[in-house]
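Let's walk through this model together, starting with its overall layout and ending at one spot on its surface. Have a look at the fold as you read.

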Amino acid sequence: MLRTSIARVARPFAARSFASSTVAVKDLVQELYVKELKAYKPAAPASDASASIKGFSAPAAPKTPELLGADALAKELAAYDADVATPEAPTVSAHADESDALGADEYLHLVEADVHVEAHH
C-alpha cells in the first residue's frame, strides 16, 4: 500500500480537461440589426400620385449654327496665323540648382548614381 501511494505521488498528473460546453456569447450587432428590421415599417404609398409628378414641357428647339462663307473663313484663319506666338528659348535663372544646369547625359548619370545613406545609430 505504501508502495502504490509513492508511485501515485511520483507520477505527474498528465490528463487535461477540456470544457465541452461553450459559453453563449451574444452578438450585440446582430441583435440591434434584427431589432431594427422588426421595427421597420415602410412608408405608405401616396394616394394622390399626380401631386408628385411634374408636367412635361418640350425644350425649345436649338438655333442652327451660322456657317461662315469662304471669305470670312479665310479672314479668321489669317488672323489666327498672325496671332500664333513663336515659342522662346527657355532662359536659365540665376538660382538654378545643380540638376537644372546639367545636360541630359550628366543628369542621367547623377540620377543613376548610388545613393549613400548614412546609418543612424
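Starting at the N terminus, the elements of the chain run α-α-α-α-α. That makes five helices and zero strands, where helices (H or I, at least four residues) and strands (E, at least two) are DSSP runs numbered from the N terminus. Keep in mind that this is a predicted model: local features need pLDDT of at least 70, side-chain atom pairs count only at pLDDT 80 or more, and totals for chains, interfaces and linings use all residues. Residues are numbered from 1 along each chain as its sequence is written, and side-chain values use heavy atoms, with hydrogens and water left out.

How confident is the predictor? The mean pLDDT of the chain (confidence in each residue, from 0 to 100) is 75, and 60% of the residues reach 70 or more. Among the elements, helix α2 (residues 28-39) has the highest mean, 94, while helix α1 (residues 2-10) has the lowest, 55. Where pLDDT is low, the predicted coordinates should not be read in detail.

Now for the helix geometry. The expected span is 1.5 Å times one less than the number of residues. Helix α3 (residues 70-83), with 14 residues, should span 20 Å, and its ends agree at 20 Å.

Buried residues (under 20% relative accessible area; exposed is over 50%, partly exposed in between, with a 1.4 Å probe and protein chains only) make up 0% of the 121 residues in the chain. Helix α3 has zero buried residues, so it lies largely in the open. Finally, Val111 lies in helix α5 (residues 104-112) and, at 49% relative accessibility, counts as partly exposed.

Technical notes. pLDDT = per-residue confidence, 0-100.
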